[in-house]
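Here are my notes on this model, as numbered points. Please read them with the structure open.

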Amino acid sequence: MWREYSKSFIKYNRAASASIMAAALIATMFLSLLCSLAYNFWTYDMEKIVLEEGDWQARITGDIDDGDLSVIQNFKNVERAVVNEDLSEPEQTVIDIYFQNIRTIYQDMPLISAKLGSGKDSIRYHSLLLSRYLIHDPEDSEPPMLLTLYLAILFIVMLSLILIIRNSFEISMNARIHQFGIFSSIGATPKQIRVCLLQETAVLSILPIIVGGLLGILASRGLMGAVNMFAADVAGRHEAVFHYHPAIWGVTIGSSVLTVFFSAWLPAAKLSRMTPLEAIRGAGSLQMKKKRHSPILNRLFGLKGELAGNAIKAQKKTFRISSFSLLLSFLGFSVMLCFTTLADISTRYTYFERYQDAWDIMVTIKDTEIGEVHAIDDLQGMTGIREAALYQKAEAVAVLPEECQSDELCALGGFAAVAGTPKKEGQLSVKAPVVILDDSSFLRFCSQIGIEPRLDGAIVLNRIWDRLNSNFRYKKYVPFVKEEGGNSVEGWRAPLCNNSQKGQVIDIPVLAYTQTVPALREEYPDYGLVHFMPLRMWNGVSGQLGGAEADSYIRVFSAGSADAADLNRLEREIVRRIGSGYEIESENRVQERLANDRLIDGMKVILGGFCVLLAVIGIANVFSNTLGFLRQRKREFAQYMSIGLTPREMRDIFVIEALVVAGRPFLITIPFTVLFVQFAVTASYLDPMVFWSEAPIGAVLLFAAGIGLFVAAAYYIGGRRILRCELGEVLREDLAD
């Protein structure tokens, strides 16, 4: 009997069946998309960690011989142990260890160390890699919990989907309260009613779950392709490859089945608990209640506004999900667009416009000392290049007597007050980054600042940020030290030297002080003394200062128009001339700007897609409400007709309801968006008019108009069906019931 009834209901109630199928399809597609994206982001993160830091799981360092290595390899849980040739030294051997079951790594490594007779200090864990497997050091009070947070968010999304999709099932089942009341009165048990409803759900949901899972996979693959396309020109980024694992399919389908099951179970259980009399009389369906006033709508639209407000309040519970979805989608869309606009303005002001005259092409030569790069002279005479500079960076500390601070700095309270550090009497220890320029570039810099070109000293960038009277967006600088000539800067100390000369202070001749920097794409510290030094001098002091950073850089100015095609061609030629014997990364200014624009566009597309999906869920809920309560709304409008309302006035009521449903998210969101913009603009110290001149008002209004259009379509279809029927007959049937 129940099987035949279910078949009959599905056959003759296609709108309700389609609503359930759409709910299952949306739930599964969204879950499949989230699960697949989460897995691919995890895989990409793992690949990045392995490329940058290696795939080792733990390391042990010490005086380890072949016998000790054999002990490690024979440990029960060790898969393999290998000597790290790059990190090992004659006195210290570094062993990379891989485990069969890495979840016991924090218990096994101390045991291995004890067998070798070494202490805990000899052990090192690849904490970042292990954290991606949710393995954390039990002694770490603040372990990295990023992946755990992602999983928690995924779980919360699943719970949210249950609440969102549940409404579609509830509307469909509430429309049949009267029928099940009759079945209950002739002997149907609550269990039979629940089983009937769940059987229908299973039949209607099997195909949408499978199709939704496949659509989610395709959407995830498309998003990964979009990410690769938008980030194709980002220097140093490895391409994301789409991955999928059968376990992800199992999680997706299992989660979808549970989501659909609970979404159907909740209203089915509620329906089965109703008494036959309540079901026959339609209790739990849409009930118009008295003493519910809508003063704003009444003031704007009179009686029609009051009636529309009463209807909306009566449907408040059923509209809760659509209101939440539309509000969240519109808020997310408007905030996302404002955020990306702010990010684009900030990046343009602080990077592209700031450094547009500092470089055309940048080449990074990996793990190469500046003295090992011999292509700079060849590049200087190359057609298409106006100027090229080779440089490398190093870190050091300047040791200054306190009385050498400039009068302007002392007037602000001294270095401690400006830098926000504890005040110390006597000498100041200040960061002193070193920029080592090739000799010809250094001589050009000397000429640029108006001093005699020489190679026997350093030029000091004599400035410090006055953070007390300016902000980071529009910085004001004052002189750091008194410019009295000679060696006002008494010496440097390298804090990270691991040799016998650690801590030695050496004197560096100062050729000049300047507040002008060479044309390099570099960010200099706000509270330090940057030293620009020629290669010839660096060769004489590098041993005492502990050496430079690993990479060297070549900055190139083009001689042409610096358009994208010319720079791309010149960049390829420069890389070719430097040679294949180096590991090289190159970029050009125009291409990087285009890549940045593509990244921002990609962010808009991806985040906007999620906002649109939320809007679709909300709009689908509006359609379910307007079409699912046709029988109840027919009664409502039949009563209106009995008191003299015309069809035109009833249409006006539908229009008012549509305006409220579509306009409420807009009206609630706008103040929050404006507050967010105000906070973000203030925090970034931007001129508000700069943002508002580029604010994405048109896109936000277009998104709101799209939501309004679909809500209007839902009410148009529902209203047309109601007003086409014989409302008098409906009223007579209602009185008969």
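1. Start with Gly560. At 52% relative accessibility, Gly560 counts as exposed, because the cut-off for exposed is over 50%. Keep in mind that this is a predicted model.

2. Where does Gly560 sit? Its place is the loop between strand S17 (552-558) and helix H19 (564-578). Leu570 lies ten residues apart from Gly560 along the chain, and their C-alpha atoms are separated by 9.9 Å.

3. Now the sheet. Four strands make up an open sheet, in the order S2-S3-S1-S4. The pairing is antiparallel. Strand S2 (78-83) and S4 stand at the edges with a single partner strand each, so one side of each has no neighbour in the sheet. From one strand to the next, the twist averages 25°.

4. Is strand S1 (residues 58-62) enclosed or open? Four of its five residues are buried, so S1 is largely enclosed by the rest of the structure.

5. With strand S3 (residues 93-99), S1 pairs in the antiparallel sense over five bridges. Thr61 stands opposite Val94 in S3. Ile60 has Ile95 as its bridge partner in S3. To strand S4 (residues 123-125), S1 is joined by three bridges, and these two strands also run antiparallel. Here Ala58 stands opposite Tyr125.

6. H3 lies across S1, S2 and S3, and runs at about 155° to S2. H4 lies across S1, S2, S3 and S4, and runs at about 160° to S4.

7. How do H3 and H4 cross? The axes of helix H3 (residues 66-73) and helix H4 (residues 105-116) come within 10 Å and cross at roughly 150°. That makes H3 roughly antiparallel to H4, because angles over 145 degrees count as such. The crossing of H3 past H4 is right-handed.

8. Which residues make the contact between H3 and H4? From H3 come Asp68, Val71 and Ile72. They meet Ile112, Lys115 and Leu116 in H4. By class, the contact has four nonpolar, no polar and two charged residues.

9. To recap the main points for checking on screen: S1 is largely enclosed, H3 and H4 are roughly antiparallel, and Gly560 is exposed.

Methods: Residues are numbered from 1 along each chain as its sequence is written. This is a predicted model: local features need pLDDT of at least 70, side-chain atom pairs count only at pLDDT 80 or more; totals for chains, interfaces and linings use all residues. Side-chain values use heavy atoms; hydrogens and water are left out. Axes are lines fitted to C-alpha atoms, for helices over the stretch in contact, and angles run from 0 to 180 degrees between N-to-C directions. Angles under 35 degrees count as roughly parallel, over 145 as roughly antiparallel, 65 to 115 as roughly perpendicular and the rest as oblique. A crossing is left-handed if the near helix is turned anticlockwise from the far one by less than a right angle, and right-handed if clockwise. Contact means heavy atoms within 4.5 Å. Ala, Val, Leu, Ile, Met, Phe, Trp, Tyr, Cys and Pro count as nonpolar, Asp, Glu, Lys and Arg as charged, and the others, Gly among them, as polar. Buried means under 20% relative accessible area, exposed over 50%, partly exposed in between (1.4 Å probe, protein chains only). Two strands pair if DSSP finds at least two bridges between them.
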